[in-house]
Amino acid sequence: MDFEPIPFSVLSGIVDQILEDCDEDVVCTRMRLAGLEPRFRDAILTSDLLNAWQVFFYFFQEYPNDEAREILAFTPASSLAEGVSIGEYRDCLLTFVMDNAHPTIIISDDLQEMRRFSGAQAYQQAINFIDSE
């Protein structure tokens, strides 16, 4: 079932209302996004209308360290398709990626990918994995 693309003006109007109502509160933003029709929500989560921090919180409901939160806050959500490095945790680099509409955390060292986790628990699984090494 193919849908026509949603006009940017429609998506922008939805996000403007959410951000006005929520006043930068990521919990409120998450709740409002969760209430949207999936095709609208998915389009917004991968657009430049939100930042990567809002998308991170939407999926993981976690507060990463200050460095990661700052990086995510200044990065448009559309960058998540390529992956956004959110800093180091115990000498491992963490990268947040939206992989086919699934949130993914990639753990790597200086040379290669060590492991990747996908889904709503991906961030916590990545931290637990690193802590157990």
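1. A polar side-chain atom of T104 lies 3.4 Å from the backbone oxygen of H102. Please keep in mind that this is a predicted model, where local features need pLDDT of at least 70, side-chain atom pairs count only at pLDDT 80 or more, and totals for chains, interfaces and linings use all residues. Residues are numbered from 1 along each chain as its sequence is written, and side-chain values use heavy atoms, with hydrogens and water left out.

2. T104 belongs to strand 3, residues 102-108. Helices (H or I, at least four residues) and strands (E, at least two) are DSSP runs, numbered from the N terminus. T104 counts as buried because its relative accessibility is 2%; buried means under 20% relative accessible area, exposed over 50%, and partly exposed in between (1.4 Å probe, protein chains only).

3. Which residues does T104 touch, leaving aside those up to four places away in sequence? They are T95, F96, V97, D99, R116, F117 and S118, with contact meaning heavy atoms within 4.5 Å.

4. Helix 4 (residues 52-60) is worth a look too: nine of its nine residues are buried, so the helix is largely enclosed by the rest of the structure.

5. At its start, a side-chain oxygen of N51 comes to within 3.0 Å of the backbone nitrogen of W53. Just after the helix, Q61 adopts a positive phi of about 50°.

6. Stepping back, the protein has six helices and four strands, in the sequence order α-α-α-α-α-β-β-β-β-α. Its C-alpha trace spans about 45 × 35 × 20 Å along the principal axes. The radius of gyration, taken over C-alpha atoms, is compared with a globule rule of 2.2 Å times the number of residues to the power 0.38. For 133 residues, a compact globule would be near 14 Å, and the protein's 15 Å agrees.

7. Buried residues account for 43% of the 133 residues. Of the contacts between residues at least 6 apart in sequence, 39% join residues at least 24 apart.

Notes: Polar contact = N/O pair within 3.5 Å; in protein donor to acceptor, adjacent residues only side chain to side chain.
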